[in-house]
Amino acid sequence: MTAALRAHAIIFDNLIMIPSQSSFQAIPFVDLAWQHRSIQAKILAIVEAALAQGNYVLGQPVAEFESAFAAACETAHGVGVGCGTDAIALGLRACGICEGDEVILPANTFVATLIGILRAGATPVFVDCDPETALLDLAAAECAITRKTRAIVPVHLYGQMVSPTGLLDLAKRYDLIIFEDAAQAHFGRKRRLSIWFDWPSSSLQLLSQQKLRRTR
Ligand SMILES: Cc1ncc(COP(=O)(O)O)c(C=O)c1O
């Protein structure tokens with residue numbers, strides 16, 4: 001196998017491939033079954049209680065989760081919604097964002113950030129990322145601000161946060177709403193209004209597709 005082919009084979013289909021002398025050894029990227037075993041009894045008891053109560057959609061279990069998650073985030077409210085895209089669209093609308101408004105987002109993000117902004121009716125404006133962190137470049141964001149800019153959506157990724165002080169300073173100077181996409185950064189600090197979600201490689205792994213929007 002050529003060196004170029006080998007490089008492409010390293011990360012493939014949720015597996016990390018480690019080249020050995022004659023073949024590749026597959027190491028699973030995540031082992032959800034292994035993680036599940038340590039909390040299995042607790043989860044099954046909660047699922048059984050929800051089934052016994054007939055609470056399949058929303059109801060008391062979701063209300064309890066919303067309160068517990070909000071408390072863990074040291075915030076007043078948490079609202080479960082259908083998916084992360086919904087959380088962004090509904091959250092932006094709740095902030096008063098509408099058609100004609102421009103919303104800044106980083107070029108390096110998951111497509112949900114873009115679709116959420118479009119579904120809120122706003123015009124997305126992509127800006128470049130810091131080559132060191134791959135997160136939104138605040139200087140590039142400042143250059144993209146126009147009279148129509150109403151909000152900025154930083155996306156926290158890879159265990160890093162876009163500088164909270166830099167963001168607050170920018171938002172203050174241009175009177176912008178900060179709406180953080182924290183789908184991959186649960187329990188990061190100094191957030192204002194954030195979204196959280198569950199996906200196998202995200203920082204919070206849940207079994208359902210319940211999304212949560214956190215408010216302050
Ligand atoms: C950065 C980011 N924002 C938002 C989302 C939410 O996406 P979805 O609408 O699929 O839940 C995701 C999911 O992968 C994400 O990675």
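Where is the place of Asp175?

**Entry 1: Asp175 and the ground rules.** I found Asp175 in the loop between α7 (164-174) and β8 (177-178). The model is predicted, and local features need pLDDT of at least 70, side-chain atom pairs count only at pLDDT 80 or more, while totals for chains, interfaces and linings use all residues. I count residues from 1 along each chain as its sequence is written. Helices (H or I, at least four residues) and strands (E, at least two) are DSSP runs, numbered from the N terminus. Asp175 has a positive phi of about 55° although it is not a glycine. I noted Asp175 as exposed because it has 8 C-beta neighbours inside 10 Å. For this term, a residue is buried if 20 or more other C-beta atoms lie within 10 Å of its own, exposed if 12 or fewer, and partly exposed in between, with C-beta atoms placed from the backbone.

**Entry 2: Glu74.** I looked up another loop residue, Glu74, which sits between α3 (59-72) and β4. Glu74 is not a glycine, yet its phi is positive, at about 55°. Glu74 counts as exposed because 10 C-beta neighbours lie inside 10 Å.

**Entry 3: Val81.** I placed Val81 in strand β4 (residues 77-81). Why does Val81 count as partly exposed? It does so because it has 18 C-beta neighbours inside 10 Å. From Val81 to Leu58 I read 9.4 Å, C-alpha to C-alpha, for a pair 23 residues apart in sequence.

**Entry 4: helices α4 and α5.** I then took helix α4 (residues 84-94) and helix α5 (residues 111-119), whose axes come within 8 Å and cross at roughly 40°. Axes are lines fitted to C-alpha atoms, for helices over the stretch in contact, and angles run from 0 to 180 degrees between N-to-C directions. The angle therefore makes α4 oblique to α5; angles under 35 degrees count as roughly parallel, over 145 as roughly antiparallel, 65 to 115 as roughly perpendicular and the rest as oblique.

Which residues of α4 meet α5? I listed Gly84, Thr85, Ile88, Ala89 and Leu92, and on the α5 side Ala112, Thr113, Ile115, Gly116, Ile117 and Arg119. Among the buried residues of α4 are Gly84, Ala87 and Gly91. Just after α4, Gly96 takes a positive phi of about 90°.

**Entry 5: Thr85.** Thr85 is buried, because 23 other C-beta atoms lie within 10 Å. Leaving aside neighbours within four places in sequence, Thr85 is in contact (C-beta atoms, placed from the backbone, within 7 Å) with Ala112, Ile115, Gly116 and Arg119. Leu114 is 29 residues from Thr85 in sequence and 8.6 Å from it in space, C-alpha to C-alpha.

**Entry 6: the chain as a whole.** I noted seven helices and eleven strands in the protein chain. Of its 216 residues, 26% count as buried. Among contacts between residues at least 6 apart in sequence, 52% join residues at least 24 apart.

**Entry 7: confidence.** I checked pLDDT, the predictor's confidence in each residue, from 0 to 100. The chain has a mean pLDDT of 81, and 76% of its residues reach 70 or more. Over residues 4-11 the pLDDT stays under 50, and the model has seven contacts beyond four places in sequence for them. Residues 198-212 also have pLDDT below 50, with 38 contacts in the model beyond near neighbours in sequence.

Conventions: Two residues are in contact if their C-beta atoms, placed from the backbone, lie within 7 Å.
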